[in-house]
Amino acid sequence: MSKPPIPRREGLLDREGWLPEARRIASPNFDQRPEEATIDLLVIHNISLPPGHFDGDAVIRLFTNRLDPGAHPYYASLVGLRVSAHFFIRRDGELIQFVSCDQRAWHAGASTWRGRSRCNDFSIGVELEGSDDHPYSDAQYERLAALSVALRRRYPLKEMVGHADIAPDRKTDPGPAFDWARARNEFNRKCAIAG
Ligand SMILES: [Zn+2]
């Protein structure tokens, strides 16, 4: 008798910090978090490549160091960049995971929040496919809320902030198009439900 397959448990990170329902595309752009890191911050970003274009695979290519610099003039500015995020939420709500949540993804760069620097050490980075001034989709808000529940089950997340909040001199994302009231309400509500 063979054992029945272990069912995928949606909404629960596995032991290695991967979410089963996310499409997994491993990025090499990560390293170890500090031993003492408490993962308590969710950082929201936006990205689209080329900027303002919401389809294609350029973001996936960037995060996996496979972007062809000749494919678009803008990409010349990205040569040599080694970046990633834990998650990428596409316009249709598709969820892609690039880095285990237990590892340190390279999404925030030089950053500070409430007196703590190096936010990558203690945060989860979520990229929304979009731009600062283009409304995000309902599917993205819904996916973000569901993702926040899964993360809250594993980590003591306390706050959700934007990249612009932790690196105000350099960054503007997720921009004025991001509806913080909607996202925070859903985040707090879902977290209350998750306990
Ligand atoms: Zn960002």
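**View 1. Six strands line up in an open sheet.** In this predicted model, 6 strands form an open sheet. Their order is S1-S5-S4-S9-S3-S10. The pairing is mixed. Strands of a sheet pair through backbone hydrogen bonds, either parallel or antiparallel.

**View 2. Two strands mark the edges of the sheet.** The edge strands are S1 and S10. Strand S1 covers residues 23-24. Strand S10 covers residues 159-162. Each of these edge strands pairs on one side only.

**View 3. Strands S4 and S5 pair in the antiparallel sense.** Strand S4 spans residues 87-89, and strand S5 spans residues 95-97. The two are joined over 3 bridges. Look for phenylalanine 88: its bridge partner in S5 is isoleucine 96.

View 4. The protein has 4 helices and 10 strands. Read along the sequence, the pattern is β-β-β-α-β-β-β-β-β-β-α-β-α-α.

**View 5. The overall dimensions agree with a compact globule.** The C-alpha atoms fill a box of roughly 55 × 45 × 35 Å, taken along the principal axes. A compact globule with 195 residues would have a radius of gyration near 16 Å. The protein has 16 Å, so the two agree.

**View 6. Burial and contacts across the sequence.** Of the 195 residues, 35% count as buried. Now take the contacts between residues at least 6 apart in sequence. Among these, 72% join residues at least 24 apart.

Definitions and conventions:
Residues numbered from 1 in each chain as written. Predicted model: local features only at pLDDT ≥ 70, side-chain atom pairs only at ≥ 80, totals over all residues. Rg over C-alpha atoms; globule rule 2.2 N^0.38 Å. Buried ≥ 20, exposed ≤ 12 C-beta atoms within 10 Å, placed from the backbone. Contact = placed C-beta atoms within 7 Å. Pairing = 2+ DSSP bridges.
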